[in-house]
Amino acid sequence: MTDQLTYPDVVNFAVPFFIALILIELAWIVIKHRGGRYETRDALTSLLMGAGNVASGILLGFVAYGFFMALWAITPLDLGTSVAVVVLCFVLDDLRYYWVHRFGHRIRWVWASHVNHHSSQHYNLTTALRQTWTGTFTFMMIVRAPLILLGFHPAMVLFCGGLNLIYQFWIHTETIGRMPKWFEAVMNTPSHHRVHHGRNARYLDANYAGVFIVWDKLFGTFVPELEQEKVDYGLVRNLGTFNPIRVAFHEWVGIFKDVTQPGLTWRDRLNYCIQPPGWSHDGSRDTSETIKQKHLAHRPEDAGTPGFEKVTSR
Amino acid sequence: MPLSILIPMVILGIAGIAVLLHVLGLTRPASFDTQEDASRAWLREFPEHHTTRVVLSHDRHAALVETAQGPGVVWAMGADSTARFLNGAQIARTRKGLRIALPDYTAPRIHLTLDADEADQWPSLMERQT
């Protein structure tokens, strides 16, 4: 069994390219007066979130890696290190990403970690770097367990995860409109991912893909970007702070406050952790479903159109 | 990548981009040209709570709104905006206007730049509405 296997730390090596591409996108926007927007404090917050993500990876990365190496020690399978295995690992890890990302929008405990990535009202390359500091606490490393147990070495799985993250950097832009049709059909693109960052009722809970958009098409969560409905970026309730600490922890604080309310049943307390964002024990808040239902109540003509196909009327 | 290279690169990269954006004039806060603009910005956050009155600040970076559910403030967040109801707000006068402290971790303090008349009037408007 291959115990000592190392791959380059691709995300860290990509940092200079991230900075260079941000400068190129900024220059394009400033010179052409189109293709997106930048704002100093928003971008600074995003970049600090990115730096914090790297720091948390250095400080807490051992937890996931230790878990993976423990699994590697017990699995009898070893698929080796051939190029074909790496490619297969990349594809399967992207499927893993799809589900972790979907959980990240549908389970509040995981959303508490992921929400900060959606907290910018801008959509540019710095938004890509607005990453979580608290991913370890979601325990979503469990979703990678099948890959390790199937015989993909932990270092290979993490390498593929790094490549996945790097791929997703360039799709956080308004500078690129649409890619060629064949590419849009298979791959995640700026257009598809703009939809994912939308707070419009139509675009909520759509396009969870990392690299291959085919997962969304396969699992019924794909919504195309519509010419007639411009994406409005940010959260359903936008933050009133640029403080990275508050951006990183606000949903965790929200969970704590909800769970510790007096007079709740234990089931309610649990539901505040595991139900979708917006769930409340008394129904006083909106989930993405109720937001879509309320939208259709005002605009019934949107029923059955992309993003509203599965919405039931209230 | 060794941390001795990564850390300075990240620090210089972040600082450089922030300075560049500021120099390019991209720090200007959003402004509401009309009451309708402010009302639209409010409805973007609270689509079910229509405004019955909008009072723009003199610099047009904030507005006090009245709704059937109570008073609120919509204000510039960088080049964009956000809004909050004023439930539980503690309002204090500052040299530049008002500071509103909210029991809200996502918007703990709203600093409003108001002229002297506005700073005198807005608290009573907020209280009158509550």
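Me: Which residue in S2(B) does Arg53(B) stand opposite?
Reply: Arg53(B) stands opposite Glu66(B) in S2(B). Bear in mind that this is a predicted model, where local features need pLDDT of at least 70, side-chain atom pairs count only at pLDDT 80 or more, and totals for chains, interfaces and linings use all residues. As for labels, residues are numbered from 1 along each chain as its sequence is written, while chains are lettered from A and ligands numbered from 1 in the order in which they are written.

Me: Why do S1(B) and S2(B) count as paired?
Reply: Strands (DSSP runs of E, at least two residues; helices are runs of H or I, at least four, and both are numbered from the N terminus) pair if DSSP finds at least two bridges between them. S1(B) and S2(B) have five bridges, in the antiparallel sense, so they pass.

Me: What about S2(B) and S3(B), how many bridges do they have?
Reply: These two pair over six bridges, again antiparallel. On S3(B), Pro71(B) is the bridge partner of Glu66(B).

Me: Why are S1(B) and S4(B) at the edges of the sheet?
Reply: The open sheet runs S1-S2-S3-S4 in chain B. S1(B) and S4(B) each have a single partner strand, so one side of each has no neighbour in the sheet.

Me: Where is the kink in H1(A) centred?
Reply: On Pro16(A), with a kink of about 35 degrees. That bend is the angle between axes fitted to the seven residues ending there and the seven starting there.

Me: What makes a residue such as Phe18(A) buried?
Reply: Buried means 20 or more other C-beta atoms within 10 Å of its own (12 or fewer is exposed, in between is partly exposed; C-beta atoms are placed from the backbone). Phe18(A) is listed as buried, as are others in H1(A), including Ile22(A) and Glu25(A), so each of them has reached that cut-off of 20.

Me: How many residues of each chain are in contact with the other?
Reply: 28 residues of chain A are in contact with 25 of chain B, where contact means C-beta atoms, placed from the backbone, within 7 Å. H2(A) gives the largest share of chain A's side, eight residues.

How values were computed:
Two residues are in contact if their C-beta atoms, placed from the backbone, lie within 7 Å.
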